[in-house]
Amino acid sequence: MKNLTLYVTEQGSFGLDGIRRNLDLHVDNSLELGWRPGDVLIYTNFPYARYGIRALEVLPGRRPRTARMTSFYKTEVLLDALSRLDPGDTLWYHDADAYQLQPFAGPPAPDKDLAACLYCTRERLLIQGGSMFLTRAARPIFEEVHELLIHCRYRKDEFALTDLAGRAEFLDRFAPLDYSYNLGDTDFELRYQLADRPIKVAHFHLDREPHRAKFLDGANSLGVFPLGERFERLLQLHGHLEPWRIPAAAAACSRPRDEEAREPALAGSLASR
């Protein structure tokens with residue numbers, strides 16, 4: 001399995017120090033979780049390297065005004081990465097603000113070409129494009145996503161991907177995942193309760209105080225700390241948390257055991273409805 005993230009910017013050298021710092025966090029986190037350096041893929045439009053992992057530099061294509069920047073460049077990168085993927089292999093794509101917390105035992109839906117979570121409280125169940133598992137056979141879907149972004153004024157890849165995955169020709173090629181593979185800020189409490197444990201991917205912005213409060217300080221209505229002690233200590237090493245701070249996840253271990261048991265039981269009852 002390959003591990004892919006990207007950062008393509010239209011702002012030149014502005015903010016690159018912070019972007020490289022975040023990519024450093026991703027590289028160190030991936031290696032700590034057991035990924036081989038050759039399986040960690042990073043695409044950028046600026047030079048980047050760490051521990052022998054060198055970014056593939058891309059030239060941004062001409063983006064239509066109607067297409068969102070992140071959606072358009074993500075789609076172009078995925079087209080390239082999927083063309084390089086060996087038959088039978090799986091690509092895990094994740095946004096640059098989606099952080100793996102636990103090792104994967106393998107692809108969660110090995111018989112599908114596309115697997116991702118769904119937004120749970122929207123007008124329709126949109127595919128969440130921030131953490132996806134793909135095979136080489138998914139490339140034609142993203143070719144059509146690219147066409148819709150360029151020629152049909154689609155703003156986001158998630159809208160295009162959802163429309164395409166619902167067509168008859170893609171029947172049985174998509175698998176919805178539980179929210180442990182993409183726990184984000186949107187609908188946090190609902191997604192947390194519906195997620196299997198442990199949480200495998202946390203999707204939040206380290207530089208946004210409301211996100212930090214929700215994921216790091218337990219400032220959510222459930223009072224949970226989803227990141228885990230290992231990742232919080234890695235955040236300390238990279239300067240995202242005070243070095244003297246006791247990880248909140250470790251402090252949470254002192255709460256009553258019946259409270260810990262109540263969370264997965266609640267998640268299971270909700271998921272069965």
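Colleague: What should I know before I start?

Modeller: The model is predicted: local features need pLDDT of at least 70, side-chain atom pairs count only at pLDDT 80 or more, and totals for chains, interfaces and linings use all residues. Residues are numbered from 1 along each chain as its sequence is written, and side-chain values use heavy atoms, with hydrogens and water left out.

Colleague: How many helices and strands are in the chain?

Modeller: Both are DSSP runs, numbered from the N terminus: helices are H or I with at least four residues, strands are E with at least two. This chain has 9 helices and 12 strands.

Colleague: What share of the chain is buried?

Modeller: Buried means under 20% relative accessible area, with a 1.4 Å probe and protein chains only. Here, buried residues make up 49% of the 273 residues.

Colleague: Which strands pair with β6?

Modeller: Two strands pair if DSSP finds at least two bridges between them. Strand β1 (residues 2-7) runs parallel to β6, joined by 3 bridges. In that pairing, Lys2 stands opposite Leu91. Strand β9 (residues 127-135) is antiparallel to β6, over 5 bridges. There, Tyr93 stands opposite Met132.

Colleague: In what order do the strands of the open sheet with β12 stand?

Modeller: The order is β7-β12-β11, with mixed pairing. β7 (98-100) and β11 (183-184) stand at the edges, each with a single partner strand, so one side of each is left without a neighbour in the sheet. β7 and β12 pair in the antiparallel sense over 3 bridges. Ala98 stands opposite His203 in β12.

Colleague: Where is Lys200?

Modeller: Lys200 sits in the loop between α5 (188-194) and β12 (201-203).

Colleague: Is Lys200 buried or exposed?

Modeller: Lys200 is buried, yet has no salt bridge. A salt bridge needs a side-chain nitrogen of Lys or Arg within 4 Å of a carboxyl oxygen of Asp or Glu. The nearest side chain of opposite charge, Asp178, is 4.7 Å away. For charge, Lys and Arg count as positive and Asp and Glu as negative; His and the chain ends are not counted.

Colleague: What does Lys200 touch?

Modeller: Contact means heavy atoms within 4.5 Å. Leaving out residues up to four places away in sequence, Lys200 touches Tyr99, Gln100, Leu101, Gln102, Phe104, Ser180 and Tyr181.

Note on methods:
Buried < 20%, exposed > 50% of the residue type's maximum accessible area, 1.4 Å probe, protein only.
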